[in-house]
Amino acid sequence: MPTDSLSPVLIALAVVGGYLLGSIPFGVIATRLGGAGDVRNIGSGNIGATNVLRTGRKDLALLTLLGDGGKGALAVFIAWLLTRQAGSAAQTQLTALAGGASFLGHLFPVWLKFKGGKGVATFFGTLLAAAWPVGMAAGATWIVMAFLLRISSLAALTAVALAPVYVFLLDRPYPIAVMALFMAVLIYIRHKDNIGRLLRGEEPKIGAKKKEAP
């Protein structure tokens, strides 16, 4: 492969392969194999680790978290392996494409009629693999915000919004910034209900028990 060039076939493999990898619904698989039923029929109906936790099975929630984060990281890693003989620019471009495609697959999985999760775990896994300093900075932002305000969704929304900024502050390649921005925009769209509750002051805090309906 010529330095700093990507063939259409390689791009297609990264995008399609990344999407299919991201489409693996670990939350559905974990709850079904773990005997907890279908997570889509529980709580919010979301397939992510937060909703899996509502089954009362912390082990299944952890498996879902690792699976959702790991599939984004794996897509990036495979793209990195495929471009080891290419220049750094081509390698960055393909890893960003594969990571973005995997993230898209998680949000809109073909196996679940394009009804997927909200993408936070996959966002962090993808970003850590593509540019670990940026992923660490975004993760630290989540931890600080969650500790101070005790609202998971707000911590996530803050972290993903700052991720593209961290790319430039840490002098990472611009394709990583494009990927981070792409994921951040989609996460905000998927969190529209959470944003509405935040604006109304109704978003529950971490560890708070749900109010029972009268």
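A crossing of two helices is called left-handed if the near helix is turned anticlockwise from the far one by less than a right angle. Keep that in mind for one of the views below, all of which come from a predicted model.

View 1. Reading from the N terminus on, the elements go α-α-α-α-α-α-α-α-α-α. The C-alpha trace spans about 65 × 40 × 25 Å along its principal axes. For 214 residues, a compact globule would have a radius of gyration near 17 Å, and the chain's 18 Å agrees with that.

View 2. How much of the chain is buried? Buried residues make up 45% of the 214 residues. Now take the contacts with a sequence separation of 6 or more: residues 24 or more positions apart account for 63% of them.

**View 3. Helix α6 meets helix α8.** Here you see α6, residues 120-130, and α8, residues 152-169. Their axes come within 11 Å and cross at roughly 35 degrees. Which hand does this crossing have, left or right? The crossing of α6 and α8 is left-handed, so picture the near helix turned anticlockwise from the far one by less than a right angle. On the α6 side, the contact is made by Val 120, Phe 123, Phe 124 and Leu 127. On the α8 side, Ala 156, Ala 159, Val 160 and Ala 163 take part. Sort these residues by class and you get 8 nonpolar, no polar and no charged ones.

**View 4. Thr 122 and the residues around it.** Stay with α6 and look for Thr 122, which lies in this helix. Is Thr 122 buried or exposed? Its relative accessible area is 0%, so Thr 122 is buried. Leaving aside residues up to four places away in sequence, Thr 122 touches Asp 68, Gly 69, Lys 71 and Gly 72, among others. Its partners also include Ser 102, Phe 103 and His 106.

**View 5. Ala 184 in helix α9.** Next, find Ala 184 in α9, the helix of residues 174-190. Ala 184 has a relative accessible area of 6% and is therefore buried, because buried means under 20%. Now look along to Leu 198, 14 residues away from Ala 184 in the chain. The C-alpha atoms of Ala 184 and Leu 198 are separated by 17 Å.

Methods
Residues numbered from 1 in each chain as written. Predicted model: local features only at pLDDT ≥ 70, side-chain atom pairs only at ≥ 80, totals over all residues. Heavy atoms only, no water. Helix = DSSP H or I, 4+ residues; strand = E, 2+ residues; numbered from the N terminus. Buried < 20%, exposed > 50% of the residue type's maximum accessible area, 1.4 Å probe, protein only. Contact = heavy atoms within 4.5 Å. Axes fitted to C-alpha atoms, helices over the stretch in contact; angles between N-to-C directions. Nonpolar A, V, L, I, M, F, W, Y, C, P; charged D, E, K, R; others polar. Rg over C-alpha atoms; globule rule 2.2 N^0.38 Å.
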